[in-house]
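The following note sets out points for a colleague to check against the structure. Please read the numbered points alongside the sequence.

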Amino acid sequence: MPGTSPGAAPGTQQQGDGPTSLRAVLFGRGYLVLLVVSALVGIPVSLAAFGFVSLEHELQNWIWESLPDAVGLDRAPWWWPLPVLLVAGLLLAPVVIRMPGHGGHIPVDGLGGPPTPPRAVPGVVLAALFCLPLGAVLGPEAPLMAMGGGLALLAVRSAKRTEHPQLVAVLGAAGAAAAISTIFGSPLVAGVMMIEAAGLGGPQLTALILPCLLASGVGALVFTGFGHWTGLSIGALSLPQVPPSSVPDPGDFLWGIPLAVAVTVILLAGKALGRRVKTFVALGSRPGRTAVRTVVCALAVGGCLTAYALLTGRTPVEAALSGQATLGTLAADPAAWPVDVLLALVLCKGVAWGIALGSLRGGPIFPALLLGAALGIACAALPGFGSAAALAAGLAASAAAVTRLPLTSMVLATALLGGDAGDETPLLIVTGVTAFIAGELIRGRLGRTPAPAPADPGRAPTG
């Protein structure tokens with residue numbers, strides 16, 4: 001790395017060389033142009049992301065609320081997920097086998113990989129719109145990142161993309177950051193995520209993060225302003241109301257640490273199921289067979305949601321979709337959720353999430369947060385525990401376990417809890433770190449890579 005002498009310790013820089021190297025990067029003509037392009041890219045990317053999320057949200061409301069009402073039903077009945085997910089599988093299958101990019105990456109592989117080529121963006125958008133509003137137990141974060149990265153690369157001619165792969169990586173990361181700048185409730189989450197995902201340091205890290213922060217800040221401004229102007233809902237991940245917090249006591253840590261381990265085990269089990277489903281869908285590599293098995297998996301997800309409704313007598317909507325709405329309802333009134341209902345939610349939605357990870361299209365994070373929060377609230381009645389501490393521990397543990405990005409997880413959990421996060425910060429950190437370490441130990445025992453390798457600057461977290 002520039003600025004590091006042969007005799008210096010790894011990761012350190014000479015006193016005079018580091019700042020000079022950073023100045024050379026920041027004030028080079030090419031980098032200043034890149035910053036301007038990143039800021040400008042944030043505007044169209046955020047508008048496209050706004051349109052996508054608003055459309056997805058409207059379709060979701062129509063399918064799960066307006067349509068049942070239109071056919072004379074008070075709410076979506078227990079059997080509703082079966083035909084809806086069957087339609088999702090039938091619509092997704094042609095995209096997977098025929099369109100460029102195959103509808104985007106498979107969610108069990110993480111949030112993505114190298115920046116999405118522009119020609120693959122239509123398939124990503126269609127696949128997400130065919131899955132997410134129709135009840136796939138996945139979130140919008142991965143499609144948004146792929147769409148943002150692909151659209152950002154349209155600003156660079158194909159010949160220049162071939163000539164300057166580093167430019168492709170940085171612009172792709174900036175576009176992804178702009179697209180998800182508000183879906184996690186704060187543009188800072190996108191910036192921190194890119195820091196950890198890049199695995200860089202020194203001037204390289206600064207050179208990457210500035211375009212990402214600039215693009216995400218502009219994106220958040222456009223996203224929020226456009227939302228107020230149009231009155232459309234974007235369904236960003238947020239908790240409007242949470243249990244009142246207090247300073248954690250020994251009981252919170254006594255239960256919070258094993259809770260973090262339990263959340264990690266459940267989420268890794270879901271991902272293990274997703275890997276098996278991925279192998280099942282791709283087995284034989286024949287397009288027709290892949291299409292049929294994609295439909296079968298979508299129907300299996302619908303079966304899990306139906307099972308939840310039959311077991312609990314509640315609406316299947318609580319277990320369907322990304323979990324944003326259910327998470328908000330759970331946090332606002334934890335007492336309204338009996339323990340048996342919460343455990344049924346973890347079981348049925350967890351299995352549905354695992355199947356969807358290996359077969360459908362979307363992101364892995366949002367449903368995982370609901371699973372962690374639900375298991376946490378189920379444990380809230382334990383002696384010395386409480387709803388606020390249980391919710392905080394469940395959120396931090398699930399975020400760390402599913403992303404494998406501990407700092408991003410802390411920022412995300414803090415953003416979700418809002419003003420009530422301050423008192424819970426020590427518990428957030430301890431449970432998040434516990435979940436991260438437990439996850440790496442379990443992966444190591446299973447013979448998997450214990451930690452994600454440093455990625456290219458534009459590469460998304462691999463989870």
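1. Cys 297 is buried, at a relative accessible area of 5%; buried stands for under 20% relative accessible area, exposed for over 50% and partly exposed for the range in between, computed with a 1.4 Å probe on protein chains only. Cys 131 is also buried, with 1% relative accessibility. The structure holds 0 disulfides, a disulfide being a pair of cysteine sulfur atoms within 2.5 Å.

2. This is a predicted model, in which local features need pLDDT of at least 70 and side-chain atom pairs count only at pLDDT 80 or more, while totals for chains, interfaces and linings use all residues. Residues are numbered from 1 along each chain as its sequence is written, and side-chain values use heavy atoms, with hydrogens and water left out.

3. The chain has 17 helices and 0 strands; these are DSSP runs numbered from the N terminus, with helices (H or I) of at least four residues and strands (E) of at least two. Of its 463 residues, 53% count as buried. Among contacts between residues at least 6 apart in sequence, 79% join residues at least 24 apart, where contact means heavy atoms within 4.5 Å.

4. The largest nonpolar core comprises 118 residues, and Leu 144, Phe 184, Trp 353, Leu 360, Ile 365 and Leu 395 touch the most other members. Helix H15 (residues 387–403) supplies the largest share of this core, 12 residues. A nonpolar core is here a set of buried Ala, Val, Leu, Ile, Met, Phe, Trp, Tyr and Cys residues joined through side-chain atoms within 4.5 Å. Beyond its neighbours within four places in sequence, Ile 365 is in contact with residues including Phe 184, Met 193, Val 402 and Leu 412.

5. Lys 349, in helix H13 (residues 339–359), deserves a careful look. Apart from neighbours within four places in sequence, the contacts of Lys 349 include Val 137, Ser 322, Gly 323, Pro 367 and Leu 371.

6. Leu 321 has a positive phi of about 65 degrees although it is not a glycine. Leu 321 sits in the loop between helix H11 (287–312) and helix H12 (324–332), and is buried at a relative accessible area of 6%. His 102, likewise not a glycine, has a positive phi of about 55 degrees. This histidine occupies the loop between helix H3 (81–98) and helix H4 (121–131), and is partly exposed, with a relative accessible area of 46%. Most residues other than glycine have a negative phi.

7. Gly 139 is in the loop between H4 and helix H5 (141–153), and is buried with a relative accessible area of 0%. Setting aside neighbours within four places in sequence, Gly 139 is in contact with Leu 132, Ser 322, Gly 362, Gly 363, Phe 366 and Pro 367. In H12, the buried residues are Gln 324, Thr 326, Leu 327, Gly 328, Leu 330 and Ala 331; they pack against H13, helix H14 (365–378) and H15.

8. The structure holds 4 salt bridges, each a side-chain nitrogen of Lys or Arg within 4 Å of a carboxyl oxygen of Asp or Glu. Arg 314 forms one with Glu 318, with the closest N and O atoms 3.0 Å apart. Arg 314 is partly exposed, with a relative accessible area of 21%, whereas Glu 318 is buried at 13%.

9. Arg 404 and Glu 440 meet in a salt bridge at 2.8 Å, N to O. The pair links distant parts of the chain, 36 residues apart: Arg 404 is in the loop between H15 and helix H16 (406–417), and Glu 440 is in helix H17 (residues 421–445). Glu 440 also meets Arg 443 in a salt bridge (3.1 Å, N to O). Glu 440 and Arg 443 are separated by about one helical turn because they are 3 residues apart in H17.
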